Amino acid sequence: MRQFIALIALLLSLFACFVGTAQQKNDEPPAHGLVGLRPIPADEAGTKHDHGGSWEGMPTFDKQKGNYPFVAKHLDCLFGWVPDGDFKTKRVFTEHYWGLSKERDDPDPNKNALIKVIRQWEEAGGEVVHILICREARLAVDRGWKDAELGPFKEDGRILSAEDVADIRKLFKDAHAAGLTRHDNYTLIQMVEEPSFFATSTEAQAVVKQMEGVAYEAHQFNRHWPLETGWSRPGPVVEGAKWTLDQGLEYIFYYGPILWKRAPHYKPFIERQWLEAYWDAGLPKHHPKMHYYLNTFPHHTGRGRPVGPETDPHSVLGFAKWLIEKIKIDDVPNQSSQPQHDDKP
């Protein structure tokens, strides 16, 4: 009987050890960050908008239902959802411009534009994980926001003031207390215009540290071209990203719009080659707070790129599949890190 009891005790001990080890593994942070996508235009209604010209006739995501099982399963975050799409995630990120008008920034949460956006996604079942926020007076004035104002730093007018951040935090608390939102605080990501100024100015650093991270937009056109000498050249981008991560903050590499065949300097897979160049220059690839979001809306230099299927390596969903494999699969043993097609850079 004593031997039986001892055996039972040993088995229970081994089981506890196994559970404890499994729990410890579950509690470990992921070895990589999130991969996100801005699916625009999502459907025919989205083609009514424009950016530098008509979007009529542009490829839409809703036409690709059933054509992206890998991306649908493994994508972490979306800027909104595709109506009746296949994406499994309900995690949402959004962009928001602060300082366009006093009406939009109304401290009453029932009237505030940012709270309305949060409510929209939460009421649809989403979880808002990142709010990419900035002041954007330069573009906004041209789009009719005559009272839009830049932030306090002439080197990067997108960066908020400390007062802005305090006002937004209070807004979150008031909205939650009024029963309008799910949480009393949200993750604010400062969207910057200049890739490294915020990492070199102590005054800007003080503001950024009041938020949870930084997002940098890297385009493949206008002043961002060419990669080696343009606004988004790897050196300053890597400097800004590393400073951000060293502070324990999150960094979002917000990549796009990307080129397509109508651009005179397009060549196949140039969007992947730029990312490889950033990684070669030291941009962290596998880090739990380093996120990659694709902003592939059809700017005039990128119009006509097919949305899918994901088996087409030149399509938006094919590019998303490649990026997911590079960020989320490369560091997982016994899984292929290469796309399953022959047409690759």
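These are my notebook entries on one predicted protein model.

**Ground rules.** I number residues from 1 along each chain as its sequence is written, and I leave hydrogens and water out, since side-chain values use heavy atoms. As the model is predicted, local features need pLDDT of at least 70 and side-chain atom pairs count only at pLDDT 80 or more, while totals for chains, interfaces and linings use all residues.

**Entry 1, the whole protein.** I looked up the secondary structure and found ten helices and eight strands. Helices (H or I, at least four residues) and strands (E, at least two) are DSSP runs, numbered from the N terminus. Of the 345 residues, 53% are buried. Buried means under 20% relative accessible area, exposed over 50%, and partly exposed in between (1.4 Å probe, protein chains only). The protein exposes about 16400 Å², and carbon and sulfur atoms supply 53% of that area. Accessible areas come from the Shrake-Rupley method with a 1.4 Å probe; for residues, only the protein chains shown count as cover. I also looked up contacts (heavy atoms within 4.5 Å). Among those between residues at least 6 apart in sequence, 68% join residues at least 24 apart.

I then turned to H5, which has 16 residues. H5 reaches 23 Å from its first C-alpha to its last, close to the 22 Å expected at 1.5 Å a residue. The expected span is 1.5 Å times one less than the number of residues. Which residues of H5 are buried? I listed Asp 164, Val 165, Ile 168, Arg 169, Leu 171, Phe 172 and Ala 175. Seen down the axis of H5, these fall within an arc of 155 degrees, so they line one face of the helix. The arc is that of the directions from the helix axis to the C-beta atoms. On the other side, Glu 163, Lys 170 and Ala 177 are exposed. The buried residues of H5 pack against helix H3 (113-123), strand S4 (127-134), strand S5 (188-192) and helix H7 (202-208). After H5 comes Gly 179, with a positive phi near 80 degrees.

Ser 161 sits in the loop between helix H4 (137-142) and helix H5 (162-177). Ser 161 is buried, at a relative accessible area of 13%. I found its side chain 3.0 Å from the backbone nitrogen of Asp 164. Not counting residues up to four places away in sequence, Ser 161 touches Pro 152 and Val 207.

I looked up nonpolar cores, which are sets of buried Ala, Val, Leu, Ile, Met, Phe, Trp, Tyr and Cys residues joined through side-chain atoms within 4.5 Å. The largest has 76 residues, and Tyr 251, Phe 253 and Leu 283 have the most contacts inside it. Helix H10 (residues 316-329) gives the most to this core, with eight residues. Apart from it lies another core, of 17 residues, including Cys 77 and Tyr 254.

Where does Val 237 lie? I found Val 237 in helix H8 (residues 234-246). Val 237 counts as buried, at 0% relative accessibility. Leaving out residues up to four places away in sequence, Val 237 touches residues including Tyr 251, Phe 253 and Leu 283. Its C-alpha is 6.3 Å from that of Ser 196, 41 residues apart along the chain.

Val 82 lies in the loop between strand S2 (77-78) and strand S3 (91-97). Val 82 is buried, with a relative accessible area of 7%.

Note on methods:
Polar contact = N/O pair within 3.5 Å; in protein donor to acceptor, adjacent residues only side chain to side chain.
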